[in-house]
Amino acid sequence: MSKFWSPLAASLVPYVPGEQPKDKKYIKLNTNENPYPPSPNVLEAIKAAANEDLRLYPDPTCGELSSVVADYFGLKPNQVFLGNGSDEVLSFAFAAFFDPAKPVLFADITYSFYKVYAEFYGLKADLIPLDEQLRMPLALFNRENGGIVIPNPNAPTAMLIPVDEFRALLEQNADQVVIIDEAYIDFGGESAAKLVNDYPNVLVVQTLSKSRSLAGLRVGWALGSEELIDGLNRVKNSFNSYTIDRLALAGAIAAIKDEAYFQETAAKVNATRDAVAAELKSIGFHVTDSKANFVFISHPNVDAEAIFLQLREQGILVRYFKQPRIDRFLRVTIGTDEEMEAFLKAVRGIVAP
Ligand SMILES: *Cc1c(COP(=O)(O)O)cnc(C)c1O
(Lines give C-alpha, C1' and ligand atoms only; values in the text may rest on other atoms or scores of the structure.)
Protein backbone atom coordinates (compact mmCIF):
# COMPACT_ATOMS: atom_id res chain seq x y z
CA MET A 1 0.00 0.00 0.00
CA SER A 2 1.28 3.48 -0.84
CA LYS A 3 -0.31 6.87 -0.37
CA PHE A 4 0.65 7.59 -3.98
CA TRP A 5 -1.49 4.83 -5.45
CA SER A 6 -4.85 5.71 -6.93
CA PRO A 7 -7.86 3.81 -5.55
CA LEU A 8 -7.74 1.81 -8.79
CA ALA A 9 -4.06 0.83 -8.41
CA ALA A 10 -4.61 -0.02 -4.75
CA SER A 11 -7.55 -2.29 -5.59
CA LEU A 12 -5.78 -4.36 -8.27
CA VAL A 13 -4.79 -8.02 -7.88
CA PRO A 14 -2.28 -8.34 -10.73
CA TYR A 15 -1.61 -11.48 -12.77
CA VAL A 16 1.40 -13.49 -11.56
CA PRO A 17 3.50 -14.75 -14.49
CA GLY A 18 5.39 -18.05 -14.23
CA GLU A 19 8.78 -17.60 -12.60
CA GLN A 20 11.86 -16.83 -14.70
CA PRO A 21 14.55 -17.48 -12.06
CA LYS A 22 18.19 -16.61 -12.73
CA ASP A 23 19.86 -18.35 -9.76
CA LYS A 24 20.85 -21.37 -11.88
CA LYS A 25 20.15 -22.97 -15.20
CA TYR A 26 16.77 -24.69 -15.12
CA ILE A 27 14.97 -26.86 -17.60
CA LYS A 28 12.05 -24.46 -18.07
CA LEU A 29 8.76 -26.27 -18.52
CA ASN A 30 6.67 -23.67 -16.68
CA THR A 31 5.61 -20.85 -19.03
CA ASN A 32 4.61 -22.62 -22.26
CA GLU A 33 7.44 -21.12 -24.28
CA ASN A 34 8.44 -23.01 -27.43
CA PRO A 35 11.69 -24.98 -27.00
CA TYR A 36 12.75 -24.33 -30.61
CA PRO A 37 14.24 -21.05 -31.81
CA PRO A 38 12.23 -18.75 -34.07
CA SER A 39 12.64 -19.11 -37.83
CA PRO A 40 16.12 -17.93 -38.95
CA ASN A 41 14.27 -15.60 -41.34
CA VAL A 42 12.87 -13.75 -38.33
CA LEU A 43 16.32 -13.00 -36.96
CA GLU A 44 17.48 -11.87 -40.43
CA ALA A 45 14.49 -9.56 -40.81
CA ILE A 46 14.99 -8.01 -37.38
CA LYS A 47 18.70 -7.44 -38.04
CA ALA A 48 17.86 -5.81 -41.37
CA ALA A 49 15.29 -3.56 -39.67
CA ALA A 50 17.77 -2.47 -36.98
CA ASN A 51 18.83 0.58 -38.92
CA GLU A 52 18.61 4.36 -38.73
CA ASP A 53 14.89 4.27 -39.50
CA LEU A 54 14.46 3.51 -35.79
CA ARG A 55 14.41 7.28 -35.29
CA LEU A 56 10.99 7.22 -37.00
CA TYR A 57 7.76 6.01 -35.41
CA PRO A 58 6.49 2.69 -36.72
CA ASP A 59 3.36 2.46 -38.88
CA PRO A 60 0.50 2.98 -36.38
CA THR A 61 -1.86 0.93 -38.55
CA CYS A 62 0.62 -1.99 -38.92
CA GLY A 63 -0.51 -1.98 -42.56
CA GLU A 64 1.91 -4.50 -44.03
CA LEU A 65 1.63 -6.95 -41.13
CA SER A 66 -2.19 -6.65 -41.24
CA SER A 67 -2.15 -7.60 -44.92
CA VAL A 68 0.14 -10.57 -44.31
CA VAL A 69 -2.05 -11.86 -41.46
CA ALA A 70 -5.24 -11.21 -43.47
CA ASP A 71 -3.88 -13.14 -46.47
CA TYR A 72 -2.85 -16.01 -44.23
CA PHE A 73 -6.44 -16.43 -43.01
CA GLY A 74 -8.25 -15.46 -46.22
CA LEU A 75 -9.60 -12.28 -44.60
CA LYS A 76 -9.35 -8.55 -45.37
CA PRO A 77 -6.82 -6.30 -43.59
CA ASN A 78 -9.69 -4.42 -41.92
CA GLN A 79 -10.64 -7.70 -40.21
CA VAL A 80 -7.27 -7.81 -38.42
CA PHE A 81 -6.14 -5.96 -35.28
CA LEU A 82 -2.54 -6.20 -34.07
CA GLY A 83 -1.24 -5.78 -30.56
CA ASN A 84 1.77 -6.00 -28.28
CA GLY A 85 1.18 -9.64 -27.45
CA SER A 86 -2.27 -11.18 -27.29
CA ASP A 87 -2.55 -10.18 -23.63
CA GLU A 88 -2.77 -6.58 -24.78
CA VAL A 89 -5.29 -7.50 -27.48
CA LEU A 90 -7.43 -9.28 -24.86
CA SER A 91 -7.24 -6.33 -22.50
CA PHE A 92 -8.34 -3.92 -25.24
CA ALA A 93 -11.16 -6.31 -26.17
CA PHE A 94 -12.49 -6.37 -22.60
CA ALA A 95 -12.52 -2.56 -22.64
CA ALA A 96 -14.01 -2.32 -26.12
CA PHE A 97 -16.82 -4.86 -25.95
CA PHE A 98 -17.83 -5.98 -22.48
CA ASP A 99 -20.91 -4.44 -20.90
CA PRO A 100 -20.39 -3.45 -17.23
CA ALA A 101 -24.14 -3.71 -16.60
CA LYS A 102 -24.09 -7.48 -17.08
CA PRO A 103 -21.72 -10.24 -15.98
CA VAL A 104 -18.90 -11.35 -18.23
CA LEU A 105 -18.75 -15.15 -18.51
CA PHE A 106 -15.64 -17.29 -18.37
CA ALA A 107 -14.77 -20.69 -16.92
CA ASP A 108 -13.85 -21.23 -13.27
CA ILE A 109 -10.66 -22.93 -14.40
CA THR A 110 -9.11 -20.94 -17.20
CA TYR A 111 -6.49 -18.35 -18.07
CA SER A 112 -6.20 -16.26 -14.91
CA PHE A 113 -5.66 -12.99 -16.75
CA TYR A 114 -9.40 -12.78 -17.59
CA LYS A 115 -10.26 -12.16 -13.95
CA VAL A 116 -7.56 -9.49 -13.72
CA TYR A 117 -8.91 -7.63 -16.77
CA ALA A 118 -12.50 -7.89 -15.53
CA GLU A 119 -11.50 -6.29 -12.24
CA PHE A 120 -9.38 -3.63 -13.92
CA TYR A 121 -12.28 -2.51 -16.08
CA GLY A 122 -14.87 -2.78 -13.30
CA LEU A 123 -16.75 -5.66 -14.93
CA LYS A 124 -18.74 -8.23 -12.99
CA ALA A 125 -17.80 -11.82 -13.78
CA ASP A 126 -19.78 -15.05 -13.50
CA LEU A 127 -17.63 -18.16 -13.47
CA ILE A 128 -18.91 -21.15 -15.44
CA PRO A 129 -17.71 -24.39 -13.79
CA LEU A 130 -15.91 -26.89 -15.98
CA ASP A 131 -17.50 -30.34 -15.70
CA GLU A 132 -16.01 -33.18 -13.63
CA GLN A 133 -13.74 -34.20 -16.52
CA LEU A 134 -12.62 -30.55 -16.83
CA ARG A 135 -14.48 -30.12 -20.13
CA MET A 136 -15.80 -26.68 -21.13
CA PRO A 137 -19.63 -26.85 -20.80
CA LEU A 138 -20.57 -24.57 -23.71
CA ALA A 139 -24.31 -24.97 -23.04
CA LEU A 140 -23.91 -23.26 -19.64
CA PHE A 141 -22.79 -20.07 -21.40
CA ASN A 142 -26.34 -19.73 -22.69
CA ARG A 143 -27.51 -17.14 -20.11
CA GLU A 144 -27.61 -13.39 -19.75
CA ASN A 145 -24.15 -11.88 -20.11
CA GLY A 146 -22.17 -8.81 -21.08
CA GLY A 147 -19.61 -10.81 -23.05
CA ILE A 148 -17.91 -14.22 -23.14
CA VAL A 149 -14.28 -15.29 -23.29
CA ILE A 150 -13.17 -18.88 -23.87
CA PRO A 151 -9.67 -20.12 -24.64
CA ASN A 152 -9.48 -22.94 -27.16
CA PRO A 153 -7.68 -25.12 -26.23
CA ASN A 154 -8.40 -24.13 -22.63
CA ALA A 155 -5.52 -23.29 -20.31
CA PRO A 156 -4.37 -24.95 -18.13
CA THR A 157 -6.42 -28.05 -19.01
CA ALA A 158 -5.08 -28.22 -22.63
CA MET A 159 -8.42 -29.59 -23.86
CA LEU A 160 -9.82 -28.60 -27.26
CA ILE A 161 -13.37 -27.78 -28.33
CA PRO A 162 -14.16 -28.73 -31.99
CA VAL A 163 -14.58 -25.36 -33.70
CA ASP A 164 -18.06 -25.99 -35.12
CA GLU A 165 -19.42 -26.36 -31.57
CA PHE A 166 -19.00 -22.59 -31.20
CA ARG A 167 -21.66 -21.89 -33.84
CA ALA A 168 -24.62 -22.45 -31.50
CA LEU A 169 -23.00 -20.27 -28.81
CA LEU A 170 -22.41 -17.47 -31.32
CA GLU A 171 -26.00 -17.66 -32.52
CA GLN A 172 -27.43 -17.66 -28.97
CA ASN A 173 -25.32 -14.63 -28.06
CA ALA A 174 -25.75 -12.61 -31.23
CA ASP A 175 -25.83 -9.32 -29.28
CA GLN A 176 -22.65 -10.03 -27.29
CA VAL A 177 -19.04 -10.41 -28.30
CA VAL A 178 -17.58 -13.89 -27.86
CA ILE A 179 -13.79 -13.92 -27.62
CA ILE A 180 -12.08 -17.18 -28.55
CA ASP A 181 -8.51 -17.06 -27.28
CA GLU A 182 -6.48 -19.33 -29.55
CA ALA A 183 -3.04 -19.04 -27.95
CA TYR A 184 -2.55 -22.81 -28.41
CA ILE A 185 -4.68 -23.56 -31.48
CA ASP A 186 -1.71 -24.45 -33.72
CA PHE A 187 -0.86 -27.57 -31.70
CA GLY A 188 -3.64 -29.72 -33.12
CA GLY A 189 -6.82 -27.62 -33.27
CA GLU A 190 -8.78 -25.95 -36.04
CA SER A 191 -9.06 -22.16 -35.80
CA ALA A 192 -12.32 -20.25 -35.50
CA ALA A 193 -10.88 -17.82 -38.08
CA LYS A 194 -13.21 -19.57 -40.54
CA LEU A 195 -16.22 -18.28 -38.53
CA VAL A 196 -15.29 -14.59 -38.81
CA ASN A 197 -17.19 -13.97 -42.05
CA ASP A 198 -20.29 -15.77 -40.70
CA TYR A 199 -20.56 -14.21 -37.23
CA PRO A 200 -20.03 -10.48 -36.63
CA ASN A 201 -19.79 -11.14 -32.87
CA VAL A 202 -16.82 -13.51 -32.85
CA LEU A 203 -13.34 -12.22 -32.03
CA VAL A 204 -10.54 -14.74 -32.56
CA VAL A 205 -7.33 -13.90 -30.70
CA GLN A 206 -3.95 -15.46 -31.54
CA THR A 207 -0.31 -14.94 -30.67
CA LEU A 208 3.17 -15.50 -32.09
CA SER A 209 4.40 -16.34 -28.57
CA LYS A 210 3.78 -20.07 -28.53
CA SER A 211 3.62 -21.74 -31.93
CA ARG A 212 6.00 -19.28 -33.65
CA SER A 213 8.55 -19.32 -30.83
CA LEU A 214 8.34 -15.54 -30.35
CA ALA A 215 7.26 -14.93 -26.76
CA GLY A 216 10.03 -12.34 -26.54
CA LEU A 217 8.82 -10.32 -29.54
CA ARG A 218 5.35 -9.50 -28.17
CA VAL A 219 3.00 -9.73 -31.15
CA GLY A 220 -0.58 -10.97 -31.13
CA TRP A 221 -3.69 -10.30 -33.17
CA ALA A 222 -7.45 -10.42 -33.26
CA LEU A 223 -9.54 -11.48 -36.25
CA GLY A 224 -13.10 -10.25 -36.42
CA SER A 225 -15.74 -8.26 -38.25
CA GLU A 226 -14.78 -4.77 -39.36
CA GLU A 227 -16.95 -3.26 -36.62
CA LEU A 228 -15.14 -5.22 -33.92
CA ILE A 229 -11.74 -4.24 -35.33
CA ASP A 230 -12.86 -0.59 -35.37
CA GLY A 231 -13.83 -0.93 -31.69
CA LEU A 232 -10.38 -2.26 -30.81
CA ASN A 233 -8.71 0.56 -32.71
CA ARG A 234 -10.76 3.13 -30.78
CA VAL A 235 -9.43 1.70 -27.50
CA LYS A 236 -5.84 1.28 -28.72
CA ASN A 237 -5.69 4.81 -30.05
CA SER A 238 -6.85 6.06 -26.68
CA PHE A 239 -3.82 4.43 -24.97
CA ASN A 240 -0.89 4.26 -27.36
CA SER A 241 -0.85 4.60 -31.14
CA TYR A 242 2.40 2.66 -31.56
CA THR A 243 2.03 -0.60 -29.70
CA ILE A 244 4.20 -2.62 -32.12
CA ASP A 245 7.73 -1.40 -32.78
CA ARG A 246 9.62 -1.52 -36.08
CA LEU A 247 11.69 -4.58 -35.15
CA ALA A 248 8.66 -6.54 -34.01
CA LEU A 249 6.76 -5.66 -37.20
CA ALA A 250 9.66 -6.91 -39.34
CA GLY A 251 10.08 -10.10 -37.30
CA ALA A 252 6.37 -10.89 -37.25
CA ILE A 253 6.03 -10.58 -41.03
CA ALA A 254 8.97 -12.95 -41.54
CA ALA A 255 7.54 -15.42 -39.01
CA ILE A 256 4.17 -15.68 -40.71
CA LYS A 257 5.76 -16.04 -44.13
CA ASP A 258 7.91 -19.01 -43.05
CA GLU A 259 5.11 -21.55 -43.05
CA ALA A 260 7.40 -24.56 -43.58
CA TYR A 261 9.47 -23.83 -40.47
CA PHE A 262 6.31 -23.24 -38.43
CA GLN A 263 4.73 -26.53 -39.54
CA GLU A 264 7.93 -28.44 -38.83
CA THR A 265 8.44 -27.11 -35.30
CA ALA A 266 4.75 -27.43 -34.35
CA ALA A 267 4.78 -31.06 -35.58
CA LYS A 268 7.88 -31.77 -33.47
CA VAL A 269 6.24 -30.33 -30.34
CA ASN A 270 3.07 -32.36 -30.99
CA ALA A 271 5.01 -35.61 -31.50
CA THR A 272 6.97 -35.06 -28.28
CA ARG A 273 3.76 -34.22 -26.41
CA ASP A 274 2.00 -37.39 -27.50
CA ALA A 275 5.01 -39.54 -26.56
CA VAL A 276 5.35 -37.82 -23.15
CA ALA A 277 1.62 -38.20 -22.45
CA ALA A 278 1.78 -41.94 -23.21
CA GLU A 279 4.82 -42.38 -20.99
CA LEU A 280 3.21 -40.45 -18.11
CA LYS A 281 0.09 -42.62 -18.35
CA SER A 282 2.26 -45.74 -18.17
CA ILE A 283 3.61 -44.61 -14.79
CA GLY A 284 0.16 -43.95 -13.38
CA PHE A 285 -0.57 -40.30 -14.22
CA HIS A 286 -3.92 -39.04 -15.34
CA VAL A 287 -3.25 -36.91 -18.42
CA THR A 288 -5.96 -34.74 -20.01
CA ASP A 289 -6.32 -35.00 -23.79
CA SER A 290 -3.90 -32.24 -24.78
CA LYS A 291 -4.03 -30.33 -28.04
CA ALA A 292 -1.63 -27.68 -26.72
CA ASN A 293 2.13 -27.40 -26.15
CA PHE A 294 1.75 -28.53 -22.55
CA VAL A 295 0.20 -31.40 -20.62
CA PHE A 296 -1.98 -31.18 -17.55
CA ILE A 297 -1.33 -34.13 -15.27
CA SER A 298 -2.20 -35.54 -11.88
CA HIS A 299 -1.08 -38.64 -9.99
CA PRO A 300 -3.54 -40.60 -7.85
CA ASN A 301 -1.02 -41.26 -5.06
CA VAL A 302 1.55 -38.50 -5.13
CA ASP A 303 0.85 -34.92 -4.12
CA ALA A 304 1.29 -32.46 -7.02
CA GLU A 305 2.95 -29.79 -4.91
CA ALA A 306 5.46 -32.34 -3.64
CA ILE A 307 6.32 -33.35 -7.22
CA PHE A 308 6.59 -29.67 -8.17
CA LEU A 309 9.00 -28.94 -5.30
CA GLN A 310 11.15 -32.00 -5.90
CA LEU A 311 11.42 -31.25 -9.61
CA ARG A 312 12.43 -27.70 -8.78
CA GLU A 313 15.13 -29.04 -6.46
CA GLN A 314 16.41 -31.08 -9.40
CA GLY A 315 16.51 -28.04 -11.69
CA ILE A 316 13.23 -28.63 -13.54
CA LEU A 317 10.50 -25.99 -13.42
CA VAL A 318 6.85 -26.84 -14.03
CA ARG A 319 3.71 -24.93 -13.05
CA TYR A 320 1.66 -25.71 -9.97
CA PHE A 321 -1.59 -23.83 -9.25
CA LYS A 322 -2.56 -23.93 -5.58
CA GLN A 323 -6.20 -23.42 -6.39
CA PRO A 324 -9.43 -25.34 -5.72
CA ARG A 325 -10.25 -28.19 -8.14
CA ILE A 326 -6.80 -28.25 -9.77
CA ASP A 327 -4.45 -28.43 -6.79
CA ARG A 328 -3.71 -32.08 -7.63
CA PHE A 329 -2.47 -31.14 -11.10
CA LEU A 330 0.74 -29.93 -12.69
CA ARG A 331 1.02 -28.09 -15.98
CA VAL A 332 4.11 -29.17 -17.88
CA THR A 333 5.28 -27.37 -21.00
CA ILE A 334 6.57 -29.57 -23.82
CA GLY A 335 10.30 -29.02 -24.28
CA THR A 336 12.78 -30.72 -26.59
CA ASP A 337 13.02 -34.51 -26.55
CA GLU A 338 16.16 -34.25 -24.40
CA GLU A 339 14.47 -31.96 -21.87
CA MET A 340 11.45 -34.24 -21.66
CA GLU A 341 13.69 -37.29 -21.14
CA ALA A 342 15.26 -35.50 -18.18
CA PHE A 343 11.80 -34.57 -16.88
CA LEU A 344 10.48 -38.14 -17.22
CA LYS A 345 13.56 -39.58 -15.52
CA ALA A 346 13.11 -37.20 -12.58
CA VAL A 347 9.36 -37.86 -12.35
CA ARG A 348 9.84 -41.63 -12.40
CA GLY A 349 12.25 -41.24 -9.48
CA ILE A 350 9.65 -39.21 -7.57
CA VAL A 351 6.48 -41.26 -8.11
CA ALA A 352 8.05 -44.78 -8.13
CA PRO A 353 11.34 -44.55 -6.27
C1 LIG B 1 0.20 -17.29 -23.39
C2 LIG B 1 -1.24 -16.94 -23.43
C3 LIG B 1 -1.68 -15.68 -23.86
C4 LIG B 1 -0.76 -14.52 -24.03
O5 LIG B 1 0.14 -14.55 -24.99
P6 LIG B 1 1.01 -13.28 -25.37
O7 LIG B 1 0.70 -13.11 -26.81
O8 LIG B 1 2.40 -13.71 -25.10
O9 LIG B 1 0.59 -12.10 -24.56
C10 LIG B 1 -3.04 -15.45 -24.00
N11 LIG B 1 -3.94 -16.38 -23.67
C12 LIG B 1 -3.57 -17.59 -23.21
C13 LIG B 1 -4.61 -18.58 -22.87
C14 LIG B 1 -2.21 -17.89 -23.07
O15 LIG B 1 -1.85 -19.05 -22.56
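Student: Which elements each supply at least two residues of the lining of the largest pocket?
Tutor: This is a predicted model, and in it H4, strand S3 (104-107) and helix H5 (113-120) each contribute at least two residues to that lining.

Student: And which of them gives the largest share?
Tutor: H5 does, with 4 residues of the lining.

Student: How many residues line the largest pocket, and which lie nearest its centre?
Tutor: The lining of the largest pocket comprises 44 residues. Those nearest the centre are Tyr15, Val16, Tyr111, Ser112 and Arg319.

Student: What is the volume of the largest pocket?
Tutor: The volume comes to about 1,000 Å³.

Student: How does the lining of the largest pocket divide by class?
Tutor: The lining has 22 nonpolar residues, 12 polar ones and 10 charged ones.

Student: Which residues are around the ligand?
Tutor: Around the ligand are Gly85, Ser86, Asp87, Leu90, Tyr111, Asp181, Ala183, Tyr184, Thr207, Ser209, Lys210 and Arg218.

Student: What is the make-up of the shell by class?
Tutor: The shell around the ligand contains 4 nonpolar, 4 polar and 4 charged residues.

Student: How far is the polar side-chain atom of threonine 207 from an oxygen atom of the ligand?
Tutor: The distance is 2.6 Å for threonine 207. For serine 209, a polar side-chain atom likewise lies 2.6 Å from a ligand oxygen. Arginine 218 places a polar side-chain atom 2.7 Å from an oxygen atom of the ligand.

Student: What percentage of the ligand's accessible area does the protein cover?
Tutor: Of the 390 Å² of accessible area that the ligand has on its own, the protein covers 93%.

Student: Another topic: how many cavities of 30 Å³ or more are there?
Tutor: The count is 1 cavity of 30 Å³ or more. About 50 Å³ of space lies within the largest cavity.

Student: Which residues line the largest cavity?
Tutor: Its lining consists of Pro38, Ser39, Val42, Ser211, Arg212, Ala255, Asp258, Tyr261, Phe262 and Thr265. By class, these residues are 5 nonpolar, 3 polar and 2 charged.

Student: Which helix provides the largest share of that lining?
Tutor: Helix H9 (residues 259-282) provides it, with 3 residues of the lining of the largest cavity.

Student: Now the backbone. Which peptide bond has omega near -5°?
Tutor: The bond from asparagine 152 to proline 153 does, and that bond is cis. Proline 153 belongs to the loop between strand S5 (148-151) and helix H6 (166-172).

Student: What about the bond between alanine 155 and proline 156?
Tutor: The bond joining alanine 155 and proline 156 is also cis, with omega about 5°. Proline 156 is in the loop between S5 and H6.

Student: Is the phi of cysteine 62 positive or negative?
Tutor: Cysteine 62 has a positive phi of about 50°, although it is not a glycine. Cysteine 62 is located in the loop between helix H2 (40-49) and helix H3 (63-73).

Technical notes:
Residues numbered from 1 in each chain as written. Predicted model: local features only at pLDDT ≥ 70, side-chain atom pairs only at ≥ 80, totals over all residues. Heavy atoms only, no water. Near = heavy atom within 4 Å. Polar contact = N/O pair within 3.5 Å; in protein donor to acceptor, adjacent residues only side chain to side chain. Areas by Shrake-Rupley, 256 points an atom, 1.4 Å probe, with all protein chains shown as cover. Nonpolar A, V, L, I, M, F, W, Y, C, P; charged D, E, K, R; others polar. 1 Å grid on protein atoms, 1.4 Å probe; cavity = no way out; pocket = protein on both sides within 12 Å on 5 of 7 lines; lining within 4 Å. Points joined across faces, edges and corners; volume = space filled by probe spheres on them.
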